[in-house]
Amino acid sequence: MIVERHLKITPHVFLLNEKSKYEHGISPVGAVECAGMARRLVRDSLTYGGMFVGSELSQQALISWRHQVPSDQLDWDKLGKYGLLSTTVLGPFLHGWFRLLDRMLPGTSPAILVRKVLLDQVVSANVVLAGLFVGMSIMDRKEDIFEEYRNKWLKSYQNILLPCIFARSAIIELFRQGKRQCEIVYLLKVPQQTVSKAIHRFNELGHEGDRARRGRKLTANTSVNRKIIKKRLQRNSRVSMKKIVRETGISKSSLLTCENKRVRLERCRQLKHRATGQRWERILFTDEKLLTLEQSHNHQNDRSWSAEVPGTSAIVEHCQNLQSVMVWAGICASGKTSLAFVDQEEGGVKINQEVYRRDILEAVVLPWAQQHFGDVDWTFQQDSAPAHKAKLIEDWCRAHFPDFITSAEWPPYSSDLNTMDYSVLSILQARTCATCYKSLKSLKRSLHREWDRLSSSILSIQLSSIAENFKSRLDLCIAAKASHFETG
């Protein structure tokens with residue numbers, strides 16, 4: 001049971017009269033905002049200034065330790081100038097730059113982070129170096145304030161940028177020259193752990209490349225699949241992961257192979273060429289779905305919104321070996337068939353060819369089609385389930401129906417083309433199985449009731465567009481080269 005609570009929060013409203021509004025020239029809300037911005041500016045300026053001073057201090061301390069210079073010989077005057085310049089000029093610049101960078105590239109995904117780092121190294125690194133060298137020259141009262149910038153800019157920029165991009169190659173090259181790890185760390189300004197890992201990998205592999213990746217090459221986590229899933233979640237954020245896997249075919253068992261795509265594309269083109277004009281509106285789409293007595297519940301996406309702890313109504317019970325029924329239905333652009341059921345006692349729920357012919361084709365489809373279509377030619381559609389593609393079933397359909405789509409003509413892995421599969425039966429299940437049932441008889445009554453209600457709600461709008469929707473889905477499938485497509 002998942003319980004989520006909404007807290008009633010009373011917003012604070014600032015009521016200003018005319019006197020207080022103009023007495024100080026700025027409203028209290030504006031004053032609070034300005035004070036907050038000022039605090040952030042001061043905080044960031046001091047932080048960046050401390051980082052600059054700390055880096056200069058650590059460099060002087062390291063040099064004095066390597067050359068055994070007393071600590072009282074450190075250049076404190078230079079450290080003071082570093083602190084003044086970094087807190088008054090460089091710190092405020094970096095504060096504004098990073099705020100601008102966050103507005104330009106919002107987000108924290110790996111791609112966004114890489115763009116931010118590259119843009120920061122290209123733009124702000126040059127500005128900071130220029131401000132540092134020129135500012136220090138001004139405080140040292142040098143005649144040519146740009147001389148130090150011209151002499152040291154390129155080397156300093158290489159020390160900043162190149163280790164980030166070519167760190168491994170530079171480490172291996174220095175290691176081949178006989179440099180020790182501590183010397184490589186000092187020269188490249190990279191962490192000790194980075195140097196140690198790069199040298200260990202080089203000693204293990206004999207080259208500076210990556211280790212061979214384990215396992216098979218990724219075929220599901222691709223940019224195309226990520227875009228497909230992202231569009232589906234934008235359209236319906238409550239869709240379950242199981243449904244996404246089933247509809248997109250990204251799972252291992254349902255991933256479309258090149259041969260699947262070739263057959264699917266070929267049959268879509270044949271279907272489009274086969275039915276022209278008004279024949280689209282006379283295709284009877286059929287499918288079946290297994291339902292149980294228990295309440296339909298999606299533990300991942302279903303939520304119970306309540307200000308209080310819900311009672312027993314929020315508990316969804318699941319039992320094993322429940323009674324179930326297979327419900328079959330058909331729909332076309334001008335009407336719908338009656339429902340047909342296959343119980344556990346009648347073939348064990350699984351539809352075999354004998355049950356399919358006797359209880360569905362002969363008892364439901366044939367009488368309904370004779371009354372609904374009359375002497376007008378129509379087409380019977382079914383998927384490639386084992387009972388559907390049996391030779392006896394296809395021979396029977398060929399003898400009693402004016403036209404039907406055989407298992408060799410219907411595109412494989414194409415639940416996205418059958419409106420019964422991707423729409424109607426799912427809506428029927430959502431409406432019917434919102435609660436549990438005590439018997440199959442009560443479940444069937446509810447299914448009949450909701451099926452009759454569909455004619456006055458969804459089907460009144462959808463029936464007239466089924467033919468056009470089927471045509472558009474075929475066109476989308478062909479345009480996508482039989483890959484998974486988006487309907488917008």
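This is a predicted model: local features need pLDDT of at least 70, side-chain atom pairs count only at pLDDT 80 or more; totals for chains, interfaces and linings use all residues.
Biologist: How do the axes of helix α12 and helix α13 run relative to each other, roughly parallel or roughly antiparallel?

Modeller: Helix α12 covers residues 353-372 and helix α13 covers residues 391-400, and their axes come within 10 Å and cross at roughly 20°. Because angles under 35 degrees count as roughly parallel, the relation of α12 to α13 is roughly parallel.

Biologist: Which residues of α13 make the contact with α12, and what is the handedness of the crossing?

Modeller: On the side of α12, the contact is made by Gln353, Tyr356, Arg357, Leu361, Glu362 and Leu366. Their counterparts on α13 are Leu392, Ile393, Trp396, Cys397 and His400. Taken together, the residues of this contact divide into seven nonpolar, two polar and two charged. As for the handedness, the crossing of α12 and α13 is right-handed.

Biologist: How are α3 and α4 oriented to each other, oblique or roughly antiparallel?

Modeller: The axes of α3 and α4 come within 11 Å and cross at roughly 140°. Angles over 145 degrees would count as roughly antiparallel and those from 65 to 115 as roughly perpendicular, with the rest, apart from angles under 35, counted as oblique. The two helices, α3 and α4, are therefore oblique.

Biologist: Which residues of α4 take part in the contact with α3?

Modeller: The crossing of α3 past α4 is right-handed. From α3 the contact draws on Trp97, Phe98, Leu101, Asp102 and Met104, and from α4 on Lys116, Leu119 and Asp120. The residues of this contact divide into five nonpolar, no polar and three charged, and those from α4 are Lys116, Leu119 and Asp120.

Biologist: Is Lys116 buried or exposed?

Modeller: Asp102, with a relative accessible area of 44%, is partly exposed. Lys116, however, has a relative accessible area of 13%, and because buried means under 20%, Lys116 counts as buried.

Biologist: How many residues apart are Glu259 and Arg262, which both lie in helix α11?

Modeller: Glu259 forms a salt bridge with Arg262, and the closest N and O atoms are 2.6 Å apart. Glu259 is partly exposed at 44% relative accessibility, and Arg262 is partly exposed as well, at 42%. Both lie in helix α11 (residues 258-274), about one turn of the helix from each other, and the number of residues apart is three.

Biologist: What separates Arg398 and Asp395 along helix α13?

Modeller: Arg398 and Asp395 form a salt bridge in which the closest N and O atoms are 3.1 Å apart. Arg398 counts as partly exposed at 47% relative accessibility, and Asp395 counts as partly exposed at 33%. Because they are three residues apart in helix α13, their separation is about one helical turn.

How values were computed. Residues are numbered from 1 along each chain as its sequence is written. Side-chain values use heavy atoms; hydrogens and water are left out. Axes are lines fitted to C-alpha atoms, for helices over the stretch in contact, and angles run from 0 to 180 degrees between N-to-C directions. Helices (H or I, at least four residues) and strands (E, at least two) are DSSP runs, numbered from the N terminus. A crossing is left-handed if the near helix is turned anticlockwise from the far one by less than a right angle, and right-handed if clockwise. Contact means heavy atoms within 4.5 Å. Ala, Val, Leu, Ile, Met, Phe, Trp, Tyr, Cys and Pro count as nonpolar, Asp, Glu, Lys and Arg as charged, and the others, Gly among them, as polar. Buried means under 20% relative accessible area, exposed over 50%, partly exposed in between (1.4 Å probe, protein chains only). A salt bridge is a side-chain nitrogen of Lys or Arg within 4 Å of a carboxyl oxygen of Asp or Glu.
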